[in-house]
Amino acid sequence: MRIDIITLFPEMCEAVLSESIIGRARKDKKVEIVCHQLRDFAFDKHRRVDDAPYGGGMGMLMMAEPIALCFENICETLGKKPYFVYMSPKGETITQQKVKTMAAEHENICILCGHYEGVDQRVLDMYVDEELSIGDYVLTGGELPALVLADSLSRMLPGVLSSDECFELESHYNGLLEYPQYTRPEVWREEAVPPVLMSGHHANIEKWRRQEAIRITHERRPDILESAELSKKEALFLKSLEESEET
(Lines give C-alpha, C1' and ligand atoms only; values in the text may rest on other atoms or scores of the structure.)
Protein backbone atom coordinates (compact mmCIF):
# COMPACT_ATOMS: atom_id res chain seq x y z
CA MET A 1 0.00 0.00 0.00
CA ARG A 2 1.06 3.57 -0.68
CA ILE A 3 -0.30 6.41 1.48
CA ASP A 4 0.15 10.02 0.33
CA ILE A 5 -0.41 12.82 2.84
CA ILE A 6 -1.06 16.40 1.67
CA THR A 7 -0.03 18.69 4.51
CA LEU A 8 1.39 22.05 5.52
CA PHE A 9 3.64 20.26 8.03
CA PRO A 10 5.35 17.28 6.35
CA GLU A 11 8.19 17.36 8.90
CA MET A 12 5.67 16.84 11.69
CA CYS A 13 4.23 13.81 9.91
CA GLU A 14 7.64 12.38 9.07
CA ALA A 15 8.76 12.68 12.69
CA VAL A 16 5.97 10.37 13.79
CA LEU A 17 5.83 7.99 10.83
CA SER A 18 9.59 7.39 10.83
CA GLU A 19 9.60 5.90 14.33
CA SER A 20 8.67 2.59 15.92
CA ILE A 21 6.74 -0.11 14.05
CA ILE A 22 5.59 2.10 11.17
CA GLY A 23 9.08 3.50 10.72
CA ARG A 24 10.52 -0.02 10.45
CA ALA A 25 7.74 -1.05 8.07
CA ARG A 26 8.60 1.88 5.79
CA LYS A 27 12.29 0.96 5.79
CA ASP A 28 11.40 -2.65 4.99
CA LYS A 29 9.12 -1.53 2.13
CA LYS A 30 6.03 -3.05 3.75
CA VAL A 31 4.24 0.26 3.31
CA GLU A 32 5.10 3.41 1.39
CA ILE A 33 4.13 6.75 2.94
CA VAL A 34 4.89 10.02 1.13
CA CYS A 35 4.29 13.43 2.71
CA HIS A 36 3.72 16.37 0.34
CA GLN A 37 4.27 20.02 1.26
CA LEU A 38 1.13 21.79 -0.01
CA ARG A 39 2.96 25.12 -0.29
CA ASP A 40 5.09 23.63 -3.08
CA PHE A 41 1.95 23.86 -5.23
CA ALA A 42 1.08 27.46 -4.39
CA PHE A 43 1.08 29.81 -7.37
CA ASP A 44 2.52 33.01 -5.90
CA LYS A 45 5.92 33.97 -4.50
CA HIS A 46 4.63 33.96 -0.94
CA ARG A 47 3.54 30.29 -1.26
CA ARG A 48 0.10 31.24 -0.02
CA VAL A 49 -2.50 28.49 0.23
CA ASP A 50 -5.33 30.28 2.06
CA ASP A 51 -7.65 33.23 1.62
CA ALA A 52 -10.66 34.89 3.29
CA PRO A 53 -13.99 33.06 2.87
CA TYR A 54 -16.72 34.55 0.70
CA GLY A 55 -19.64 35.78 2.78
CA GLY A 56 -17.42 36.85 5.63
CA GLY A 57 -16.62 35.09 8.85
CA MET A 58 -13.67 34.42 11.12
CA GLY A 59 -10.43 32.85 9.93
CA MET A 60 -9.11 31.79 6.56
CA LEU A 61 -9.98 29.00 4.15
CA MET A 62 -7.63 26.69 2.25
CA MET A 63 -7.82 27.43 -1.48
CA ALA A 64 -8.84 24.80 -4.00
CA GLU A 65 -6.11 25.23 -6.63
CA PRO A 66 -2.99 24.26 -4.61
CA ILE A 67 -4.80 21.18 -3.32
CA ALA A 68 -5.95 20.24 -6.82
CA LEU A 69 -2.46 20.70 -8.25
CA CYS A 70 -0.89 18.58 -5.51
CA PHE A 71 -3.46 15.82 -5.88
CA GLU A 72 -3.16 15.82 -9.68
CA ASN A 73 0.61 15.51 -9.31
CA ILE A 74 0.11 12.45 -7.08
CA CYS A 75 -2.29 10.95 -9.63
CA GLU A 76 0.28 11.50 -12.37
CA THR A 77 3.01 9.85 -10.29
CA LEU A 78 0.84 6.82 -9.54
CA GLY A 79 -0.65 6.62 -13.00
CA LYS A 80 -4.11 6.46 -11.46
CA LYS A 81 -6.39 8.18 -8.94
CA PRO A 82 -5.87 7.08 -5.34
CA TYR A 83 -8.76 6.90 -2.88
CA PHE A 84 -8.88 10.46 -1.56
CA VAL A 85 -9.79 11.13 2.07
CA TYR A 86 -10.22 14.49 3.79
CA MET A 87 -9.80 14.54 7.57
CA SER A 88 -12.72 16.62 8.85
CA PRO A 89 -14.81 16.95 12.04
CA LYS A 90 -17.83 16.57 9.74
CA GLY A 91 -16.68 13.16 8.51
CA GLU A 92 -17.65 9.63 9.47
CA THR A 93 -15.87 8.52 12.64
CA ILE A 94 -13.11 6.00 11.98
CA THR A 95 -13.66 2.52 13.42
CA GLN A 96 -11.54 -0.61 13.29
CA GLN A 97 -13.97 -2.12 10.80
CA LYS A 98 -13.62 0.98 8.62
CA VAL A 99 -9.84 0.64 8.70
CA LYS A 100 -10.02 -3.07 7.84
CA THR A 101 -12.27 -2.33 4.87
CA MET A 102 -10.10 0.51 3.57
CA ALA A 103 -6.91 -1.54 3.87
CA ALA A 104 -8.52 -4.43 2.00
CA GLU A 105 -10.12 -2.38 -0.78
CA HIS A 106 -7.56 0.30 -1.62
CA GLU A 107 -3.94 -0.05 -2.71
CA ASN A 108 -3.39 3.71 -2.84
CA ILE A 109 -4.86 6.19 -0.37
CA CYS A 110 -4.32 9.95 -0.28
CA ILE A 111 -5.08 11.93 2.89
CA LEU A 112 -5.70 15.68 2.93
CA CYS A 113 -4.95 17.55 6.16
CA GLY A 114 -7.21 20.55 6.63
CA HIS A 115 -6.30 23.79 8.41
CA TYR A 116 -7.74 27.16 9.36
CA GLU A 117 -11.52 27.16 8.85
CA GLY A 118 -11.41 24.26 6.42
CA VAL A 119 -11.18 23.76 2.66
CA ASP A 120 -12.95 25.31 -0.34
CA GLN A 121 -15.94 23.03 -0.89
CA ARG A 122 -15.38 22.87 -4.65
CA VAL A 123 -12.17 20.84 -4.37
CA LEU A 124 -13.88 18.48 -1.96
CA ASP A 125 -16.80 18.01 -4.35
CA MET A 126 -14.52 17.48 -7.33
CA TYR A 127 -11.85 15.17 -5.92
CA VAL A 128 -12.50 13.84 -2.41
CA ASP A 129 -14.09 10.39 -2.07
CA GLU A 130 -14.80 10.51 1.64
CA GLU A 131 -14.51 12.69 4.74
CA LEU A 132 -13.34 10.98 7.92
CA SER A 133 -13.02 12.04 11.56
CA ILE A 134 -11.26 10.61 14.60
CA GLY A 135 -13.86 11.94 17.04
CA ASP A 136 -16.41 14.58 17.92
CA TYR A 137 -13.97 17.40 18.64
CA VAL A 138 -11.94 19.95 16.69
CA LEU A 139 -8.14 20.11 16.40
CA THR A 140 -5.91 22.89 15.09
CA GLY A 141 -5.06 20.89 11.98
CA GLY A 142 -5.60 17.62 10.15
CA GLU A 143 -2.12 16.21 10.71
CA LEU A 144 -2.88 14.32 13.92
CA PRO A 145 -6.01 12.68 12.45
CA ALA A 146 -4.07 11.84 9.28
CA LEU A 147 -1.33 10.21 11.34
CA VAL A 148 -3.94 8.18 13.23
CA LEU A 149 -5.44 6.94 9.97
CA ALA A 150 -2.06 6.20 8.36
CA ASP A 151 -0.89 4.28 11.43
CA SER A 152 -4.09 2.24 11.75
CA LEU A 153 -4.06 1.40 8.03
CA SER A 154 -0.40 0.39 8.04
CA ARG A 155 -0.90 -2.04 10.91
CA MET A 156 -3.37 -4.01 8.80
CA LEU A 157 -0.81 -4.75 6.09
CA PRO A 158 1.03 -8.09 5.80
CA GLY A 159 4.42 -8.07 7.46
CA VAL A 160 4.03 -4.79 9.35
CA LEU A 161 3.32 -6.58 12.64
CA SER A 162 5.00 -9.84 13.63
CA SER A 163 1.79 -11.81 13.00
CA ASP A 164 -1.88 -11.22 12.23
CA GLU A 165 -2.67 -12.26 15.80
CA CYS A 166 -1.08 -9.02 17.01
CA PHE A 167 -4.06 -7.01 15.72
CA GLU A 168 -6.75 -9.71 15.62
CA LEU A 169 -6.84 -9.90 19.43
CA GLU A 170 -6.83 -6.14 20.01
CA SER A 171 -9.74 -3.96 21.03
CA HIS A 172 -12.42 -3.41 18.35
CA TYR A 173 -11.01 -5.87 15.78
CA ASN A 174 -13.68 -8.50 16.49
CA GLY A 175 -16.31 -6.19 17.95
CA LEU A 176 -15.06 -6.40 21.54
CA LEU A 177 -12.70 -4.39 23.71
CA GLU A 178 -9.51 -6.17 24.69
CA TYR A 179 -9.31 -8.34 27.81
CA PRO A 180 -6.97 -7.35 30.72
CA GLN A 181 -3.33 -8.42 30.43
CA TYR A 182 -0.61 -9.00 33.00
CA THR A 183 3.15 -9.56 33.11
CA ARG A 184 5.85 -10.20 35.75
CA PRO A 185 5.95 -10.06 38.71
CA GLU A 186 3.19 -12.51 39.62
CA VAL A 187 2.34 -10.42 42.69
CA TRP A 188 2.77 -6.64 42.53
CA ARG A 189 1.98 -4.49 45.57
CA GLU A 190 -0.09 -7.32 47.02
CA GLU A 191 -2.12 -7.65 43.82
CA ALA A 192 -1.83 -11.06 42.17
CA VAL A 193 -2.27 -12.09 38.54
CA PRO A 194 -5.59 -13.96 38.05
CA PRO A 195 -4.86 -17.65 38.82
CA VAL A 196 -6.36 -18.89 35.55
CA LEU A 197 -3.56 -17.17 33.62
CA MET A 198 -0.98 -19.15 35.62
CA SER A 199 -2.74 -22.49 35.12
CA GLY A 200 -1.33 -23.40 31.73
CA HIS A 201 -4.81 -24.58 30.70
CA HIS A 202 -5.17 -22.88 27.33
CA ALA A 203 -8.89 -23.56 26.91
CA ASN A 204 -9.69 -22.04 30.31
CA ILE A 205 -7.44 -19.06 29.59
CA GLU A 206 -9.17 -18.44 26.27
CA LYS A 207 -12.60 -18.70 27.92
CA TRP A 208 -11.56 -16.26 30.68
CA ARG A 209 -10.19 -13.78 28.14
CA ARG A 210 -13.35 -13.87 26.03
CA GLN A 211 -15.59 -13.41 29.07
CA GLU A 212 -13.45 -10.53 30.34
CA ALA A 213 -13.60 -8.90 26.89
CA ILE A 214 -17.39 -9.26 26.90
CA ARG A 215 -17.63 -7.91 30.46
CA ILE A 216 -15.46 -4.86 29.74
CA THR A 217 -17.24 -4.12 26.46
CA HIS A 218 -20.61 -4.42 28.21
CA GLU A 219 -19.49 -1.97 30.89
CA ARG A 220 -17.75 0.58 28.70
CA ARG A 221 -19.07 0.29 25.14
CA PRO A 222 -22.39 -1.59 25.10
CA ASP A 223 -23.15 0.06 21.77
CA ILE A 224 -20.53 -1.99 19.92
CA LEU A 225 -21.67 -5.30 21.46
CA GLU A 226 -24.56 -5.35 18.99
CA SER A 227 -22.17 -6.20 16.15
CA ALA A 228 -19.99 -8.67 18.09
CA GLU A 229 -20.15 -12.34 17.13
CA LEU A 230 -20.89 -14.34 20.29
CA SER A 231 -21.36 -18.08 20.77
CA LYS A 232 -24.49 -19.33 22.56
CA LYS A 233 -22.54 -19.73 25.81
CA GLU A 234 -21.09 -16.25 25.46
CA ALA A 235 -24.55 -14.82 24.80
CA LEU A 236 -25.76 -16.51 28.00
CA PHE A 237 -22.79 -15.03 29.88
CA LEU A 238 -23.71 -11.57 28.60
CA LYS A 239 -27.32 -12.14 29.64
CA SER A 240 -26.15 -13.05 33.15
CA LEU A 241 -24.21 -9.77 33.32
CA GLU A 242 -27.29 -7.82 32.30
CA GLU A 243 -29.50 -9.65 34.80
CA SER A 244 -27.05 -9.07 37.65
CA GLU A 245 -27.31 -5.33 37.01
CA GLU A 246 -31.08 -5.46 37.31
CA THR A 247 -31.08 -7.12 40.73
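How many salt bridges does the structure hold? The structure holds 14 of them, a salt bridge being a side-chain nitrogen of Lys or Arg within 4 Å of a carboxyl oxygen of Asp or Glu. The close-up views below belong to a predicted model, in which local features need pLDDT of at least 70 and side-chain atom pairs count only at pLDDT 80 or more, while totals for chains, interfaces and linings use all residues. Residues are numbered from 1 along each chain as its sequence is written, and side-chain values use heavy atoms, with hydrogens and water left out.

**View A. The largest nonpolar core.** This core has 30 residues, of which Ile 3, Ile 5, Leu 17, Ile 111, Leu 149 and Leu 153 touch the most other members. A nonpolar core is a set of buried Ala, Val, Leu, Ile, Met, Phe, Trp, Tyr and Cys residues joined through side-chain atoms within 4.5 Å, where buried means under 20% relative accessible area, exposed means over 50%, and partly exposed lies in between (1.4 Å probe, protein chains only). At least two residues of the core come from each of β1 (2–7), α1 (10–17), α2 (20–27), β2 (32–37), β5 (83–93), α4 (96–105), β6 (108–113) and α6 (143–154); helices (H or I, at least four residues) and strands (E, at least two) are DSSP runs, numbered from the N terminus. Helix α6 gives the most to this core, with 5 residues. Apart from this core lies another, of 23 residues, among them Leu 38, Ala 68, Cys 70 and Val 119.

View B. Leu 147 is found in helix α6 and is buried, with a relative accessible area of 7%. Leaving aside neighbours within four places in sequence, Leu 147 is in contact with Cys 13, Val 16 and Leu 17.View C. The second largest pocket. About 380 Å³ of space lies in this pocket. On a 1 Å grid over the protein atoms alone, a pocket is an open set of points with protein on both sides within 12 Å along at least five of seven lines, where a 1.4 Å probe fits, and lining residues have an atom within 4 Å of a point. Of the 24 lining residues, the closest to the pocket's centre are Tyr 86, Met 87, Ser 88, Pro 89 and Gly 118. The largest share of the lining, 5 residues, comes from β5.

**View D. Two salt bridges.** Arg 47, which is partly exposed with a relative accessible area of 35%, forms a salt bridge with Asp 40, the closest N and O atoms being 2.5 Å apart. Glu 130 and Lys 98 also meet through their side chains in a salt bridge (2.5 Å, N to O), and this pair links distant parts of the chain, with Glu 130 in strand β7 and Lys 98 in helix α4, 32 residues apart. Both Glu 130 and Lys 98 are buried.

Notes: Points joined across faces, edges and corners; volume = space filled by probe spheres on them. Contact = heavy atoms within 4.5 Å.
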